[in-house]
Amino acid sequence: MLLLVSCVQEEQYNNTPEGNFEALWTIVDEHYCFLDYKRETIGLDWNEVHSRYRARLSEDMTNAQLFEVLAEMLSELRDGHVNLYTPGDIGRNWSWYEDYPRNFYADLQNTYLGTDYKIAASLRYRIFDDNIGYVVCPSFTSGFGDGNLDEVFYTLRTCNGLILDMRNNSGGDLNNAERLARRFTNERIHVGYISHKTGKGHKAFSTPEKQYLEPSDGVRWQQSTVVLTNRQCYSATNTFVRDMKCCPNVTILGDQTGGGSGLPFSSELPNGWSVRFSACPMYDVNMNHIEFGIQPDVATSITDEDRLKGIDTLIETARKLLLQ
């Protein structure tokens, strides 16, 4: 961060609409990690974006008008990790889930949980009548400790299988995601790669480093597991799903995850507005980007017919799969 701030200060951008625009565009150009990848996949031309949005500037524009231009420019990146923070609003892009089926309804989930479910920190869990365990993990922002996980998996130890519901978990702390994933392997396994920005060029990255998942010292789950996903599985949850695909006896069921693989990085504009963006790309074990999400092993959607009957298609499909 110190290097980035120093670099921006050397350019001596003025606190004007043009100065703030050029500062933001340059910060992204030199440090955002997916410019080349998104040129290949969605045809992004960052230089063309500069020309198109630069033409919308004027010396007498208000802060609200400047915010609109800058936020729309950042939306061209199609990245939920890219945000522009001002005192009155946050520029964001939520197209990674807004343009897709929900595949999740809170009322359906509450029906399956009932009212006598158990609570371990942020986790909610119970055992279905068919002896299938069901665990809901709504977020990785709220922490849970190894003691919580020991209690959960010890309680479910006699179950014939486990449904781990990650739907609408938009991420949080990667440490929490790894803490949970470690319960599903008995061996150290290779789960992917990570690179780091090493310079201003679009291709300036370190050699990809292997990432491993270490087995937990606590209670580990030994039966079959189905992980439920939808488009709102993002960021740390996207990485969690990547890791779980490498674990034994695990099936990913539902919709493609929302993506968000780059570790966030922050900087500041001359007017004090903050920008956050992805700076460290992450990959799966085959060196494929996971920025745009991870495909499920079994693609399943909630049908309108099931929805009207109060049935969660994903949960019922997972139960059938586990009972087989």
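A salt bridge, as I use it in these notes, is a side-chain nitrogen of Lys or Arg within 4 Å of a carboxyl oxygen of Asp or Glu.

**Ground rules**

I am working on a predicted model, where local features need pLDDT of at least 70 and side-chain atom pairs count only at pLDDT 80 or more, while totals for chains, interfaces and linings use all residues. I number residues from 1 along each chain as its sequence is written, and side-chain values use heavy atoms, with hydrogens and water left out.

**Entry 1: the two domains**

I looked up the domain assignment first. It gives domain 1 as 17-98 and domain 2 as 106-261 + 282-323; such bounds come from an automatic or database domain assignment. Their C-alpha centres are 32 Å apart. I get 18 residues of domain 1 and 17 residues of domain 2 in the contact, contact meaning heavy atoms within 4.5 Å.

How much area is buried between domain 1 and domain 2? I find about 1,600 Å², with 59% of that from carbon and sulfur atoms. Buried area here is the accessible area (1.4 Å probe) that two parts lose on being put together, summed over both. On the domain 1 side, Glu30, Tyr37 and Trp96 supply 37% of what that domain buries against domain 2, more than any other three residues.

**Entry 2: polar links across the interface**

I count two salt bridges between domain 1 and domain 2. Nine residue pairs are in polar contact across the interface, both residues being at pLDDT 80 or more. For a polar contact I need a pair of N or O atoms within 3.5 Å; within protein, one must be able to donate a hydrogen and the other to accept it, and residues adjacent in sequence count only if both atoms are side-chain atoms.

Next I asked which elements give two or more residues to the side of domain 1 that touches domain 2. They are helix H2 (17-31), helix H3 (35-42) and helix H6 (95-98). H3 gives the most, with six residues. My helices (H or I, at least four residues) and strands (E, at least two) are DSSP runs, numbered from the N terminus.

I count 23 salt bridges by the rule. Lys38 and Glu291 meet in one of them, 3.0 Å from N to O. Glu291 sits in the loop between strand E13 (282-283) and strand E14 (298-299) and Lys38 in helix H3, so this pair ties together parts 253 residues apart in sequence. Both Glu291 and Lys38 are buried; I call a residue buried under 20% relative accessible area, exposed over 50% and partly exposed in between (1.4 Å probe, protein chains only).

Arg307 forms a salt bridge with Asp107, the closest N and O atoms being 3.1 Å apart. Arg307 is in helix H11 and Asp107 in helix H7, so the pair ties together parts 200 residues apart in sequence. Arg307 is partly exposed at 27%, and Asp107 is partly exposed at 41%.

Arg319 pairs with Asp130 in a salt bridge, with closest N and O atoms 2.9 Å apart. Arg319 belongs to helix H12 and Asp130 to the loop between strand E4 (123-127) and E5, 189 residues apart. Arg319 is buried, with a relative accessible area of 15%. I also noted that Glu18, Glu22 and Arg54 are joined into one network by salt bridges that share partners.

**Entry 3: helix H12**

I then stayed with H12 (residues 313-323). Its buried residues include Thr313, Leu314, Ile315 and Arg319. What do the buried residues of H12 pack against? I find helix H7 (106-113), strand E5 (132-136), E6, E9, E10 and helix H11 (304-309). Asp312 caps the N-terminal end of H12, with a side-chain oxygen 3.0 Å from the backbone nitrogen of Leu314.

**Entry 4: Asp165**

Is Asp165 buried or exposed? It is buried, with a relative accessible area of 1%. Asp165 lies in strand E6 (residues 161-165). Its side chain makes a polar contact of 2.6 Å with that of Tyr134. Leaving aside neighbours within four places in sequence, Asp165 is in contact with residues including Gln109, Leu228 and Ile315.

**Entry 5: positive phi**

Ser235 is not a glycine, yet has a positive phi of about 60°. I find Ser235 in the loop between strand E9 (225-229) and helix H10 (236-244), buried at 14% relative accessible area. Asn249 also has a positive phi, near 60°. Asn249 lies in the loop between H10 and strand E10 (250-254) and counts as partly exposed at 48%.
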